[in-house]
Every structure is written in C-alpha cells, then in structure tokens.
Amino acid sequence: MDIKSYKYGETGLNRFFGPLEAKIMDYLWDAGELSIKQVQERLERDKALSFNTVMTVMNRLVDKGILRKRAQGRLSLFRPVQTREEFIGEQSRKLTQNLLDEFGGVVITHMIDALDHADQKLLAQLEDKIQKLKKDSL
C-alpha cells in the first residue's frame, strides 16, 4: 500500500495519516477488528464525533487499502490489512528507498552521521548487514 504523503513535522502515525485516521488505526491495531460504532465509542472518550464522520474516514481507509471490511449480518467489521509493525516497516522501507533513489549518497552520509546516537545493538546489526553484503558481492 502506498501512503501518498509523509509529514516531516509530525510524529508517530501522524506522519502517514491525519489525526483522526491515526487514532482509528491505533484502536484497530490494538483490538484487531471493530465496528464503526465501537470505534466511535472509543473516539468519543476524547471528543464527540458523529457516526457518519467515523464511517466516512474508515471507508476511506478501506479505499486506500489500509483496512479490510467484512459484513457480519447487518454489521460491518473493519480490520487492518497489516500489523502496525508491518505497516511501519513497509512505509520506512519505501521512504528510505525513495530518498536513496532521489538523493543517493548524501542520504547514506546523513544516516551514518545519525548513528552517533544509536544503541550498540543497532550498530551490531548494521555491521552484520554490511559484512553480509560484502560477502555476497564477492
């Protein structure tokens, strides 16, 4: 699935979604599958929202390929197409690849510079990956 815009000034899921979409996705990732009414009830803990607003946003997430919708009698149930981890992994891979395709080596340089603040486990994983890439290219 392709997220059309990435918002640099935001944090977390708001980088990929609008604020309401992000809350809905959080609830669905936590619960697995919910009806529109169940999502609306959770959202209303913070702010009153109409059923139609929640339904519209959830159906748009279906149209974008982020949610699946299934009928259970007269009730529509929604669930994420991917787990939270799969979604974040896919989106970060696509963003990284797009940056590399467009800006090449400068992106790598900035990523390496950012490693000054990385934990040792991440550095070890990076070192292992580099060694594997070197071995595979021989």
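User: How much space lies in the largest pocket of this model, and what makes a space a pocket rather than a cavity?
Analyst: In this predicted model, where local features need pLDDT of at least 70, side-chain atom pairs pLDDT 80 or more, and totals for chains, interfaces and linings use all residues, about 420 Å³ lies in the largest pocket, a volume being the space filled by probe spheres set on grid points joined across faces, edges and corners. On a 1 Å grid over the protein atoms alone, a pocket is an open set with protein on both sides within 12 Å along at least five of seven lines, whereas in a cavity a 1.4 Å probe fits but cannot get out. Residues are numbered from 1 along each chain, and side-chain values use heavy atoms, without hydrogens and water.

User: Which helix supplies the largest share of the lining of the largest pocket?
Analyst: H6 does, with six residues, and both helix H5 (105-114) and H6 supply at least two. The lining (residues with an atom within 4 Å of a point) includes Ile 108, Met 111, Leu 126, Lys 129 and Leu 133, and divides into eight nonpolar, two polar and one charged residue.

User: How do you know that H6 has close to its expected span?
Analyst: Helix H6 (residues 120-136) has 17 residues, and the 24 Å from its first C-alpha to its last is set against an expected 24 Å, that is, 1.5 Å times one less than its number of residues.

User: Why is Gln 82 called buried?
Analyst: Gln 82, in the loop between S3 and helix H4 (84-103), is called buried because its relative accessibility is 16%, and the limit is under 20% (1.4 Å probe, protein chains only). The side chain of Gln 82 also makes a polar contact of 2.4 Å with that of Glu 90, inside the limit of 3.5 Å for a pair of N or O atoms, one able to donate a hydrogen and the other to accept it.

User: What makes S2 and S3 a pair, and where do they sit in the sheet?
Analyst: Six bridges join strand S2 (residues 67-72) to strand S3 (residues 75-80) in antiparallel fashion, where pairing asks for at least two. Among the bridge partners, Ala 71 faces Ser 76 and Gln 72 faces Leu 75. The two strands form a hairpin with two residues between them, and Gly 73 in the turn has a positive phi of about 65°. The open sheet of three strands has the order S1-S3-S2 with antiparallel pairing; strand S1 (34-35) and S2 are its edge strands, each pairing on one side only.

Note on methods. Helices (H or I, at least four residues) and strands (E, at least two) are DSSP runs, numbered from the N terminus. Ala, Val, Leu, Ile, Met, Phe, Trp, Tyr, Cys and Pro count as nonpolar, Asp, Glu, Lys and Arg as charged, and the others, Gly among them, as polar. Buried means under 20% relative accessible area, exposed over 50%, partly exposed in between (1.4 Å probe, protein chains only).
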